[in-house]
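I am opening this entry to keep track of what I looked up in the model, working from helix pairs to domains and chains.

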Amino acid sequence: MLTITNLHVRGGNREILRGINLSIDAGEVHAIMGPNGSGKSTLARVLAGHPEYEVTQGTVLYDGRDLLAMDPESRAREGVFMAFQYPVEIPGVNNAYFLKAALNALRKHRGLEELDAMEFMSLVRARMQMLDMDETLLTRPVNEGFSGGEKKRNEIFQMAVLEPRLAILDETDSGLDIDALKIVAAGVTAMRTPQRAILVVTHYQRLLNYIVPDFVHVLTDGRIVRSGGKELALELEEKGYGWLEADQVAGAPAGKA
Amino acid sequence: MPTPSNPLEDLAQREYRWGFVTDIESDVAPRGLSEDIVRLISTKKNEPEFMLEWRLKALRHWQKLAKREGEPKWANVHHPPIDYQDIIYYSAPKPKKKLESLDEVDPELRATFEKLGIPLDEQKLLSGVAVDAVFDSVSVATTFKEKLAELGIIFCSFSEAVQSHPQLVRKYLGSVVPYSDNFFATLNSAVFSDGSFAYIPKGVRCPMELSTYFRINAKDTGQFERTLIVAEEGAYVSYLEGCTAPMRDENQLHAAVVELIALDNATVKYSTVQNWYPGDKEGKGGIYNFVTKRGKCLGVKSKITWTQVETGSAITWKYPGCILQGDNSVGEFYSVATTNNYQQADTGTKMIHLGKNTKSTIVSKGISAGHGQNTYRGLVKIAKQARGARNYSQCDSLLIGDRCGAHTFPYLEIKNTTAKVEHEASTSKIGEDQIFYCRQRGLSSEDAVNLIVSGFCREVFRQLPMEFAVEAQKLLSVTLEGSVG
């Protein structure tokens, strides 16, 4: 579904990603782990089309199409969703109204009828239950005055309503207490289907106890230095990122384990 | 009629959706302002003596002002000098025989109203809106008058009120905005051609939204509208004013005056959506809108609410205010002002607290895009005798891009120590992050900006009648089209 080849990205006058290679197939859950500043979030944001980055080399194919040539809204309409690390507040705009506008933009693009308010509400209610969300969040302005946990839950709730084909979770676990983490993870796990791919970006192994990945990749200094199964995350938890960095310095080849 | 002769005009005409000119024979006075012209206007309108005298007093005062200092200079707006002798002060569609029904209205005129989305027909009854349509300077059609008359409500053109209810006009005209109030109000007092008049008798709740659509049409005709609304004890009225103007190459001066009067326990709501031609992308052309709007809460517990959505005009100079004279009276001002390209807006309100326990609320939202300059200017004055007065002001500015400007000038004059006055102000920029967030959810940048802007204006839109709120939102998105690259 997604093939990233030799991706180089600049941002803020320095090279952040320095040759990423990664393939994700439908039905798979991949986790990207790495220390702070390794480029994990940059990778997520570049895939979503954030304008602040410049791709200097490499290609990203999404269903065989050039993802990098598409503007952010086209990517979204084609089924790419990113749960933001820092969800943005939009004062005065009702959360439900925003989500309905988004859903109908996607439906319109796919040649489907737009949902009316009734149909939308019944869809939304079911998804809210799944994430144990307070219904009052629907009528409040988008993310405004939400607690950190509410914002993250709201992201996964939006994902559940928009039903993307490729979901990218950018540090969705940060700022969540353990109860909220379990709920969010259960929501994501419930969305694992053979048609959908999920890319989880995280600093901590903790989240991966609840969203169990098929593959784990370690990103250090803009490159994937190690890939493996879910046990790689546990190993990292035990030994720390320093272990791989030392490895790398020692000349160990990066690549699939 | 002008034919688009240069590419610039072409472009502007395409972009201003309501830019069209109707070909109707006009009865036009010679250019310039003099006692003769004022007399001509008064005679044309067959006015009683007191009106002519009032006009002449205003004219003399204006001539003095013009000689002494000219236009007020304090506003944060810039324009080339206006040649007041080069303006046509009176133009009316040629008088026709009395109309029995709407079918008799000039088909071309009706087509114009259709283009503006103002169907002058039975549909209006269903939507509960009575329309007194001002076309250029003379009212040509009035609907639902009979229904309102059953309740004792008078809703007619100003000229008609001068004929049929001279005692009311005489009593209230100039009682809120005196002829000597300011340069533009004085000019209006001398030469105003027409406008609307509404009178709601004691204890009557007006069952429909009263509305007037103004339209500037004949070339080079300055419009000088005069509106007077009186709500007697315990009466309620909601009045809507919506404006679009055909596209013009030269600047057109507009200096209207609106006076509202609320007696004991009466409520007047006055809502405006203003969308006059703002000039093209280079700042050429556009309407100069110098308006004086003021309400007087004369009675105890009376209430006046101004709501305005200002998207058009090259220059907007406008401070709808309230004189809170009655004890426990309430004044409110809700405003959205948008400037794009080279538009300039200097707008705000005046809340003058005279009575005890009077309360005022000001919510102002300024949006600037392109090279637009947006100024909020507001006066809150608490007089010595106004014990227990309260004011809350909130002024928010939203910037789109980095070539526009927002300015806030609050003036507070507090002469009573029991007063409570709060002022909050904020300035924000539509963030790249906000836009990206929306786009990542599948919305285009244009939709994202509209969404963010409508959220920003929500407190004001909530004050508008439903139908108007939708229109206002559409106008905003048209105004801001192309402001995000």
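I began with H6 (residues 148-162) and H7 (residues 178-190) of chain A, whose axes come within 10 Å and cross at roughly 10°; axes here are lines fitted to C-alpha atoms, for helices over the stretch in contact, with angles running from 0 to 180 degrees between N-to-C directions. H6(A) and H7(A) are therefore roughly parallel, a term for angles under 35 degrees. Helices are DSSP runs of H or I with at least four residues, strands are runs of E with at least two, and both are numbered from the N terminus.

I noted that the model is predicted, that local features need pLDDT of at least 70 and side-chain atom pairs pLDDT 80 or more, and that totals for chains, interfaces and linings use all residues. Residues are numbered from 1 along each chain as its sequence is written, while chains are lettered from A and ligands numbered from 1 in the order in which they are written.

Which residues make the contact between H6(A) and H7(A)? I listed A:Gly149, A:Lys152, A:Arg153, A:Ile156 and A:Ala160 from H6(A), and A:Ala180, A:Val184, A:Gly187 and A:Val188 from H7(A), where contact means C-beta atoms, placed from the backbone, within 7 Å. By class I recorded 5 nonpolar, 2 polar and 2 charged residues; Ala, Val, Leu, Ile, Met, Phe, Trp, Tyr, Cys and Pro count as nonpolar, Asp, Glu, Lys and Arg as charged, and the others, Gly among them, as polar.

I then turned to H3 of chain A (residues 95-109), which has 15 residues and reaches 21 Å from its first C-alpha to its last, close to the 21 Å expected at 1.5 Å a residue, the expected span being 1.5 Å times one less than the number of residues. Its buried residues include A:Phe98, A:Leu99 and A:Leu103, buried meaning that 20 or more other C-beta atoms lie within 10 Å of the residue's own. After H3(A) comes A:Gly111, with a positive phi near 75°.

In chain B, the domain assignment gives domain 1 (1-285) and domain 2 (319-485), and each of these domains puts 18 residues into their contact. On the domain 1 side, strands S9 (236-244) and S12 (267-275) each give two or more residues, and S12(B) gives the most, with 3.

Last, I checked where the chains meet, a contact that takes 16 residues from chain B and 21 from chain A. H10 (432-440) and H11 of chain B each supply at least two residues of the chain B side, and H10(B) has the largest share, 7 residues.

How values were computed:
Two residues are in contact if their C-beta atoms, placed from the backbone, lie within 7 Å. Domain bounds come from an automatic or database domain assignment. Angles under 35 degrees count as roughly parallel, over 145 as roughly antiparallel, 65 to 115 as roughly perpendicular and the rest as oblique. A residue is buried if 20 or more other C-beta atoms lie within 10 Å of its own, exposed if 12 or fewer, and partly exposed in between; C-beta atoms are placed from the backbone.
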